[in-house]
Amino acid sequence: MKILVENSTWNNIGDGFYQSALFVLIRKLYPEANVLMEEGPIFRAFRPKSDWQKKNALHLMDYQSADLHIFSGPMIRQILTNYKDKIKQIKERGEQYALISASSAGISDSLRIETGEFFQKYQPLFLSSRDQETYLKFKDYVKNSYNGICTAFLVNKMLPVDQLDNNFKFFISSFYRELEPLYKINGEVEIRNVELDRKETFFGLSHRFSRHLNRFRPVQESVKGYKIVRVNQEVSTKFNHINFALPNSFLSFNLLSYLALYKSADFTVSDRVHSCAVSLAFGKPARLFTNSPRAGIFNRLGFDHKKDNGIMYPNLEVIDTEEEKLSSFIKSSI
C-alpha cells in the first residue's frame, strides 16, 4: 500500500509541526506500507493573487498518486477552492483520501453546507478533526468521523528533538498579531509570575504596517538572568528589520530547531496556538493570548485557555491517551 501524507503547505513553521508529526505517526502505524510525503496545494502555501502568477504555478500534487492521500490542518474552508480538483482526481482514479488533524475553524454556515454536500458526493475514507467544533459540523456529512486531536501535540512522541544546554536559561516569547510586549517578573522566574506590558499597535495602524516599527520598542534582552527568546515562525517574512527587530530573535528553515527551543524553554508566552501546543507537548506550561477559533485544539484536550489569564499546564497522560485513541481510530479505518 502506498500512502501520501501532505507536508508542504506551511504558512508558518507551526504547520510543519502537525504535518511532520502526522507523517511519522502514519509511518509508525503502517511500517510495511510505502509512506511518503505529498505536495499540497500551492495556492494554500503561497497564495498567489494575480491570474498570471496562478497560471504559471506547477501543481506537483496533480502528478502524485497513491492508494491513500492524507490532508491536514485548517483546510476544510479551502476544500472547494484549493482541494476540490485534486479530490475529484483521486476518486476518479479509484484512490482514497482522508482528513486527519483537520479543522474548519471560522467557516461560515453556507460554506459548511456546501462543503458538506461535496463530502457526501466525494466521500473521504474518514475525517478526524482537531477540534470538537469541526467534528460536530461535519459528522453528519462524513460517514466515518472522529472527534480527534491536533497532531502538533504529538511532536515530542514522533520527532527526534534535541535538548539544549542546561545552562541556557530562557523562556519563549512569540507574537505575530501584536507588538512585542515588555516583561516583568515578580518573584521566581515562572509563568505565573510574569507580567506583560502589551502594545497592540503604533498610531492605530494595522499590524501589517505596525510590525515594521517593532524595533522601536524598548530593548529587553533578559529578565532576572533568563533570556527572552523571540521565536519568529513566519519563515515567509522577507523583512529582516522585522525578523531580527529585538535581541534573541530566532528564525530557521529547520522545524526541529524550533522544537528544540520549545523543549528546552522554561515556558512559552504567545498569541500562536501551535507555539503553546508544542510547549505543552514537551511538558512545559504556556500562556496563550488569542481568542481565535483555532484555539479549539486546546478545548479538545481539556486545556482551558480562557481561565487563569490564559495559562495552561501540561498533562502528558491526556496526550498519551488521546494518541492511543487516534491511532486506534486510524487503524480501524484504513
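Guide: Let's start with a term: contact means heavy atoms within 4.5 Å. This is a predicted model, where local features need pLDDT of at least 70, side-chain atom pairs count only at pLDDT 80 or more, and totals for chains, interfaces and linings use all residues. Residues are numbered from 1 along each chain as its sequence is written, and side-chain values use heavy atoms, with hydrogens and water left out.

Visitor: Which residues is F303 in contact with, leaving aside its neighbours within four places in sequence?

Guide: Those are F153, L280, F298, M312, Y313, P314 and N315.

Visitor: Is F303 buried or exposed?

Guide: Buried means under 20% relative accessible area, exposed over 50%, and partly exposed in between (1.4 Å probe, protein chains only). F303 has 5% relative accessibility, so it counts as buried.

Visitor: How do I read a nonpolar core?

Guide: In soluble globular proteins, nonpolar side chains tend to be buried together. A nonpolar core is a set of buried Ala, Val, Leu, Ile, Met, Phe, Trp, Tyr and Cys residues joined through side-chain atoms within 4.5 Å. Here the largest one has 60 residues, and F17, I26, F153, F298 and I330 have the most contacts inside it. Apart from that core lies another, of 20 residues, including F71 and Y141.

Visitor: What does I330 touch, not counting residues up to four places away in sequence?

Guide: I330 touches L25, I26, L29, Y30, I100 and F126.
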